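Here are my notes for you to read alongside the model. Keep the 3D view open and click through as you go.

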Amino acid sequence: MKVLVVDDDAKLTAALRRGLEAEGYTVEVAHDGADGLWLATESAPDVIVLDIMLPMMNGFRVCAALRERDVWTPIIMLTAKDGDLDEAEGLDTGADDYLVKPFSLTVLLARLRALARRATSEPPTPVSVGDLVIEPGPRRVRRGDVHVELTARQFDVLEFLVRRAGQVQSKADVLRSVWPHDFEGDPNIVEVYIGRLRRAVDEPFDRHSIETVRGAGYRIVDDRAAQ
């Protein structure tokens, strides 16, 4: 597997190259965003490890440019910052995962394996429940012909439910699949996001597609027949 590492920290890229090559990966390195963009389009890596703070062209711009060119190589973004806004911007521009520095090689390897398992060279296929449609590539949502604005996390929760339409998902299921593995906040945050999603994709359209199953969790259904 070929990994492209785009980071301007020479010590970090050297350490990553040694560690990844020791695990059997082929590694290419770029130290600025412009070179990273060129290598990402020309050398056909299987996974891209992309820092946000880069010379010439930051990681957000590189990621957005790749997706605009229909390059769907999995991207894991690296940053020294730890905040929802950076994570949201990274996901909104098309990144697949997010890792805060400092991190261990063991964690990075696990993330790379997970990304490689679901890698595809084609744009992700839209998924839908009734007239609620999710486009995973550009991360767009629409109800019929009406575009719905969602935050990055709201999009992830909705996509998780839509891909399992009709199936009850517990609060723990949603947390485990959508929030970072080291999340230590209040599990009731899931209820908050479900409420926000209802106000975005159901209530303006007089719909009730997101259901609460008492004592079990949540599910999303095609509720058009009930109208």
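1. Start where two helices touch: Gly33, Leu37, Ala40 and Thr41 in H2 meet Val62, Ala65 and Leu66 in H3. Contact here means heavy atoms within 4.5 Å. Helices (H or I, at least four residues) and strands (E, at least two) are DSSP runs, numbered from the N terminus.

2. A word on what you're looking at: this is a predicted model, where local features need pLDDT of at least 70, side-chain atom pairs count only at pLDDT 80 or more, and totals for chains, interfaces and linings use all residues. Residues are numbered from 1 along each chain as its sequence is written, and side-chain values use heavy atoms, with hydrogens and water left out.

3. How do H2 and H3 pack? Helix H2 (residues 33–42) meets helix H3 (residues 59–68) at an angle of about 25°, and their axes are 10 Å apart. So H2 is roughly parallel to H3, a label for angles under 35 degrees. Axes are lines fitted to C-alpha atoms, for helices over the stretch in contact, and angles run from 0 to 180 degrees between N-to-C directions.

4. Now find the open sheet: four strands in the order E6-E7-E8-E9, with antiparallel pairing. Two strands pair if DSSP finds at least two bridges between them. E6 and strand E9 (146–148) are at the edges with a single partner strand each, so one side of each has no neighbour in the sheet. From one strand to the next, the twist averages 25°.

5. Inside that sheet, E7 and strand E8 (residues 140–143) run antiparallel and are joined by four bridges. Look for glutamate 135, which stands opposite arginine 140 in E8. H6 packs on the sheet, touching E6, E7 and E8, and its direction makes about 115° with that of E7. H8 lies across E7, E8 and E9, at about 60° to E8.

6. Which residues touch the most other members of the largest nonpolar core? Of its 26 residues, they are Val141, Val157, Leu158, Val162, Trp179, Val201 and Ile220. Such a core is a set of buried Ala, Val, Leu, Ile, Met, Phe, Trp, Tyr and Cys residues joined through side-chain atoms within 4.5 Å, where buried means under 20% relative accessible area (1.4 Å probe, protein chains only). A second, separate core of 21 residues includes Leu4, Leu37, Ala95 and Tyr98.

7. Zooming out, the chain has eight helices and eleven strands, and buried residues make up 47% of its 227 residues.

Conventions. Buried means under 20% relative accessible area, exposed over 50%, partly exposed in between (1.4 Å probe, protein chains only). Angles under 35 degrees count as roughly parallel, over 145 as roughly antiparallel, 65 to 115 as roughly perpendicular and the rest as oblique.
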